[in-house]
2 protein chains.
Amino acid sequence: MKGNFTYCNPTRLHFGEDAMNYLVQELKAFGPVVMLSYGGGSIKKNGIYDAVAAALKEAGKTVVEDSGVMPNPTYEKVLEGCRKVRDNKVDLILAVGGGSTIDYAKAVSASAYCQEDPWQKYWVNQESPACKTIPVGTVLTMVGTGSEMNGGSVITNRKEGFKRGKVFGTELFPTFTILNPRFTMTVPQYQMVAGFFDIMSHLMEQYFAGTADCTTDYINEGLMRSLIHSSRIAAKNPQDYEARANIMWTATWALNTLLKMGKGGDWEVHQLGHAIGLVTDATHGMTLACVSLPYYRRVMHDGLHQFVRFAVNVWGVRPDGKSDEQVATEGLACLEAWMKEIGVVMHSRELGVTEENLQQVADAVLILPVGYRTLTRDEVVEILRESM
Amino acid sequence: MKGNFTYCNPTRLHFGEDAMNYLVQELKAFGPVVMLSYGGGSIKKNGIYDAVAAALKEAGKTVVEDSGVMPNPTYEKVLEGCRKVRDNKVDLILAVGGGSTIDYAKAVSASAYCQEDPWQKYWVNQESPACKTIPVGTVLTMVGTGSEMNGGSVITNRKEGFKRGKVFGTELFPTFTILNPRFTMTVPQYQMVAGFFDIMSHLMEQYFAGTADCTTDYINEGLMRSLIHSSRIAAKNPQDYEARANIMWTATWALNTLLKMGKGGDWEVHQLGHAIGLVTDATHGMTLACVSLPYYRRVMHDGLHQFVRFAVNVWGVRPDGKSDEQVATEGLACLEAWMKEIGVVMHSRELGVTEENLQQVADAVLILPVGYRTLTRDEVVEILRESM
């Protein structure tokens, strides 16, 4: 492990089947007006909305309804949320949903009282808030993004034609998060599996960077092994509480800043996935799944040591008598077999990528100068074509 | 993973060779009077004291000197520190040293304004503070205990004849911690290696409990693998920065509450070690080393599944064609070989345990009703005898 870093993650996590019991106590620490942000209304069917509403009532809160947060939340929706916050003098944003809803809540928190253009300041210039922000609490209903314990906020700006991520500091980490694995069981199989791959992608995109020996990578390998084990169980039986609980906990630690400490990251797969999502509005985790194998097979030789380690320590490939290339290739074959086993989408044409919109997708890909190799524009097109 | 739990760890960690650069900024957040707690004066020889004093001066603080914190800090010393805190209206306790100094600082923090008898309230009755506590900041100079990012406080009460641990809540976690791996290089080889085993013991004592599949155990396996790898390098070359940095980071995560989430723990090895330490004043990590193999070989059959997993996932034992007992036994043999390789003390007679004081040590052992099996008093004596 090399370099200097500061680690701090103050989010308080309440985990387990009884985690909602802590919501009233958490709410009491904030002022009287709570904006309740959520998505398309599925929480009204599965009882989670009622449970949250009861807690808000018991805590004596005035509730500002804020429904309709979409899977890839738009900047337009963020500006609408900002108006609600200002008009109602909101004291807490309670995000009930998955990563999209929580990402949206942070965006609103940082933008409501921003004196400049928020899109330009945060998502383009990557600056920090200089204004008052609103505390965010979360009740997680779908795992994957890790947004419940980090400062990440991915927003789509349709007018500008970009889906961009901003990582805020601890001032925008959720103050508290309710993690009840049973809540994640109401998510349809397709979304569940997409979430599993999103988690795996977070782990791999932090793992495949750097050459130093780093404790963080050993932790990462443990999380990957746990995810692979539990996702195989959950894909067959989504009602397996133990598996869903382990996956929920893994998802949180996969992207709560710990795994990047002392090393860099790659994140090109997320850029490729964001571009596909922007053009097709496909489910985030599935966009990552389609591009991962073409991408990793292309950069494997540039980070061969780490791909060998991945094969041996994560997938149990035995290296005896094999070349490093063979071992690394076997590791990626294990990854592919696991992806097929849990049932992710393997081809981006199934998500709506076509020869016609390929250049549009490629135009939207942000090429990052990190990871084992910086892609060329031609390579981006080749990877996207291979992903189809 | 089963059950419910709350995780929150607000300690801010500054890690790396330049970590001290953050000290002035951290100090400025507190009032004017800082009690500087440290041990026997080694920090005055290696330059750490001067660096801390310069930061205190730059931050404009009034310093209350509090030296002489001993390796197994006594309750008498704690009461002395409490008087200094009250007499000087201390705003921050800055603990510069290893786990003993930090454990001591937390004890003083919780006890200075305690209206009851602190020993009885905290270390016997295991209650939480009801009084004002003093913030604690730390500059770590020796790794092992994890005290820099948790609420643990192990104190020796010579009058009562006990060395006891208390785990305080987040209100007593250090507010900030400076982790510079170079600072740990000034520790003599014996203390360094003892710290390595202390870390391994923390990992094992949380690992060897429970039967549920638990993500936390996969993280734990990663930390054990990293520690084994880096300790082999550091035992031969204590100046290897990368190895010492990885070990420092592993030590913090080994005991900052993460690894107990969703599962129980064992901690009988620590009880056995504390008793030896109480009678002989031997170095903590070495007392753990002497009793670990006798203890684990005794409880192996009660938690066989986990000992098999330990052998395969941590030590790379190949299970092909072997019985579970054989695999588990091989795993413990690997542990023994590693202990000898890094140079821990393998026999408690070298620490001062004799046939004459054996019963006295046994009397001081707290038998915990957790882990894979609860020991009998006879077994405690047998383990101690086997440890000689």
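Tutor: Let's begin with pairing: two strands pair if DSSP finds at least two bridges between them. Keep in mind that this is a predicted model.

Student: What makes strand 6 and strand 7 of chain B a pair?

Tutor: Six bridges join strand 6 (residues 152–157) of chain B to strand 7 (residues 162–167) of chain B, and the rule asks for at least two, so they pair. The two strands run antiparallel. As an example, Thr156(B) has Lys163(B) in strand 7 of chain B as its bridge partner.

Student: Which residue takes a positive phi in that hairpin?

Tutor: Gly161(B) does, with phi near 80°, in a hairpin that has four residues between the strands. In chain A, six bridges likewise join strand 6 to strand 7, again antiparallel. There Asn157(A) stands opposite Phe162(A), and Gly161(A) takes a positive phi near 80°.

Student: How do you know that strand 1 of chain A pairs with strand 1 of chain B?

Tutor: By the same test: seven bridges join these antiparallel strands, and at least two are needed, so they count as a pair. One of the bridges sets Thr6(A) against His14(B).

Student: Why is the pair Arg318(B) and Asp320(A) called a salt bridge?

Tutor: The closest N and O atoms of Arg318(B) and Asp320(A) are 3.3 Å apart. The cut-off is 4 Å between a side-chain nitrogen of Lys or Arg and a carboxyl oxygen of Asp or Glu, so the pair qualifies.

Student: What makes Glu17(B) and Arg182(B) a salt bridge?

Tutor: Their side chains meet at 2.5 Å, N to O, and that is within the 4 Å limit, so the name applies. The pair links distant parts of the chain, 165 residues apart. Glu17(B) lies in the loop between strand 1 and helix 1 of chain B, and Arg182(B) in the loop between strand 8 and helix 7 of chain B.

Student: How many residues are in contact between chain A and chain B?

Tutor: 46 residues of chain A are in contact with 46 residues of chain B. The area buried between the chains is about 3900 Å², and carbon and sulfur atoms give 52% of that. In chain A, Met1(A), Tyr218(A) and Trp249(A) lose the most area to chain B, together 16% of what that side buries. There are also 25 residue pairs in polar contact between the chains.

Student: Which elements of chain A supply the side that touches chain B?

Tutor: Strand 1 (5–15), helix 8 (215–236) and helix 9 (241–254) each supply at least two residues. Strand 1 of chain A gives the most, with 11 residues. The residues of this side divide into 21 nonpolar, 16 polar and nine charged.

Student: How do you know that the two copies are related as by a two-fold rotation axis?

Tutor: A rotation of 180° with 0.0 Å of shift along its axis superposes chain A on chain B, at an RMSD of 0.0 Å. The copies are therefore related as by a two-fold axis. Among the residues of chain A, Pro10(A) comes closest to that axis, its C-alpha at 2.2 Å.

Technical notes:
Residues are numbered from 1 along each chain as its sequence is written. Chains are lettered from A and ligands numbered from 1 in the order in which they are written. This is a predicted model: local features need pLDDT of at least 70, side-chain atom pairs count only at pLDDT 80 or more; totals for chains, interfaces and linings use all residues. Side-chain values use heavy atoms; hydrogens and water are left out. Contact means heavy atoms within 4.5 Å. Buried area is the accessible area (1.4 Å probe) that two parts lose on being put together, summed over both. A polar contact is a pair of N or O atoms within 3.5 Å; within protein, one must be able to donate a hydrogen and the other to accept it, and residues adjacent in sequence count only if both atoms are side-chain atoms. Ala, Val, Leu, Ile, Met, Phe, Trp, Tyr, Cys and Pro count as nonpolar, Asp, Glu, Lys and Arg as charged, and the others, Gly among them, as polar. Copies are superposed by least squares on the C-alpha atoms of residues with pLDDT of at least 70 in both.
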